[in-house]
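Welcome, and please load the model in your viewer.

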Amino acid sequence: MALTEIDRRLLKQCLARTPGAWQDLVDRFLGLFVHVIQHTAHARSVRLSADDVDDLCSEIFVTLLKNDFAVLRNFRGQSSLATYLTVVARRIVVHELVRRARQEALGHISAHQAAVDAAGREAREPQRIEDAEEISLLMNRIPPADAQIVRMFHLEGKSYHEISSKLGIPENTVGSTLSRAREKLRVVRVPERGR
């Protein structure tokens with residue numbers, strides 16, 4: 001299909017920045033762009049909300065405006081303006097849908113990885129001692145630096161990671177300190193039960 005005289009004039013007026021020309025172009029091709037968005041999304045099995053369609057339309061128009069109408073200036077008139085803009089719009093929509101899918105996938109991976117990391121940390125961390133009396137007894141029998149770790153873990157409910165960040169020590173050190181402290185508590189409990 002050839003370039004129509006109406007489109008040739010509209011394009012010329014847009015590039016010359018004639019008042020109202022841009023709005024005329026938007027009015028003329030908005031329906032086409034919405035159709036391209038919906039068709040492209042459907043072909044890729046992507047569900048779009050009305051807001052998504054609006055966002056993608058905006059992305060198309062922003063691209064047309066970029067660099068002093070560079071996309072419109074590149075039009076050579078070897079097809080209808082509608083055909084050219086359909087190809088341009090489809091490329092923009094595909095690019096945007098792929099970008100969104102990547103972001104979503106990375107978000108899910110990140111959320112999944114965070115959950116796995118948290119579960120791994122919880123599995124490595126020992127059970128918290130619930131009895132405050134036992135913890136106080138233990139804290140009186142260990143060095144102050146170890147007592148601080150015990151207090152932060154058992155009384156304040158902080159994780160290995162939080163303790164390590166706060167005290168500037170490796171997470172492994174937190175774990176080994178708590179293991180030693182638990183061992184001491186077990187030793188302290190045994191004589192008391194024997195009384």
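Start by selecting arginine 17, which is exposed because its relative accessible area of 56% is over the 50% cut-off. Keep in mind that the model you are looking at is predicted.

Which residue pairs with arginine 17 here? Its salt-bridge partner is aspartate 68, and the closest N and O atoms are 2.5 Å apart. This pair links distant parts of the chain, 51 residues apart: arginine 17 sits in the loop between α1 (5-15) and α2 (21-43), while aspartate 68 belongs to helix α3 (residues 50-73). Aspartate 68 is partly exposed, with a relative accessible area of 35%.

Next, select arginine 100 and aspartate 52. Their side chains form a salt bridge at 3.4 Å, N to O. Here again distant parts of the chain are linked, with arginine 100 in helix α4 (residues 81-124) and aspartate 52 in helix α3, 48 residues apart. Arginine 100 is partly exposed, at a relative accessible area of 24%.

Stay on helix α4 and pick arginine 99 together with glutamate 96. The two are 3 residues apart in that helix, about one turn, and their side chains meet in a salt bridge of 2.4 Å, N to O. Is glutamate 96 buried or exposed? Glutamate 96 is buried, because its relative accessible area of 8% is under the 20% cut-off, whereas arginine 99 is partly exposed at 32%.

Now show Asp52, Glu96, Arg99 and Arg100 together: salt bridges with shared partners join them into one network.

To continue on your own, note that the whole structure holds 8 salt bridges.

Terms used: Residues are numbered from 1 along each chain as its sequence is written. This is a predicted model: local features need pLDDT of at least 70, side-chain atom pairs count only at pLDDT 80 or more; totals for chains, interfaces and linings use all residues. Side-chain values use heavy atoms; hydrogens and water are left out. A salt bridge is a side-chain nitrogen of Lys or Arg within 4 Å of a carboxyl oxygen of Asp or Glu. Helices (H or I, at least four residues) and strands (E, at least two) are DSSP runs, numbered from the N terminus. Buried means under 20% relative accessible area, exposed over 50%, partly exposed in between (1.4 Å probe, protein chains only).
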